[in-house]
Amino acid sequence: MTSYLDVFAVAAVVTFVTTPLVRRFVIRAGAIYKPNDRTVHKVPLPTMGGMLAVVFGLVIWIGME
């Protein structure tokens, strides 16, 4: 039986490890946010890197329960 702390730790590690990998994939795929005059950001940013990494962590978390 796994505790909630174990599940949280594994999900956090999975998210931390997959974020740079997903970011690289998103940049190669061309999913880049291009800022304009009305936005705060001045440089192009990858759009879904962090979100996909969190989803991977969530899927691992659900699978461990």
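**Exercise 1. Determine whether Arg23 counts as buried, partly exposed or exposed, and identify its contacts distant in sequence.**

Solution. Arg23 has a relative accessibility of 45% and therefore counts as partly exposed; buried means under 20% relative accessible area, exposed over 50%, and partly exposed in between (1.4 Å probe, protein chains only). The model is predicted: local features need pLDDT of at least 70, side-chain atom pairs count only at pLDDT 80 or more, and totals for chains, interfaces and linings use all residues. Residues are numbered from 1 along each chain as its sequence is written, and side-chain values use heavy atoms, with hydrogens and water left out.

Helices (H or I, at least four residues) and strands (E, at least two) are DSSP runs, numbered from the N terminus.

Finally, setting aside neighbours within four places in sequence, Arg23 is in contact with Pro46 and Gly49, where contact means heavy atoms within 4.5 Å. From C-alpha to C-alpha, Arg23 lies 7.6 Å from Met48, although 25 residues separate the two in sequence.

**Exercise 2. Characterise the surroundings of Pro46.**

Solution. Pro46 is part of strand 2 (residues 45-46). Its relative accessibility is 23%, so Pro46 counts as partly exposed. Apart from residues up to four places away in sequence, Pro46 touches Arg23, Val26, Ile27, Ala31 and Ile32. The C-alpha atoms of Pro46 and Arg28 are 9.7 Å apart, with a sequence separation of 18 residues.

**Exercise 3. Describe how helix 1 and helix 2 pack.**

Solution. Two packed helices are described by the angle between their axes and the distance between the axes. Helix 1 and helix 2 (residues 49-64) pack at about 145°, and their axes are 7 Å apart. Axes are lines fitted to C-alpha atoms, for helices over the stretch in contact, and angles run from 0 to 180 degrees between N-to-C directions. The contact involves residues of helix 1 including Val22, Arg23 and Val26, and residues of helix 2 including Gly49, Leu52 and Trp61.
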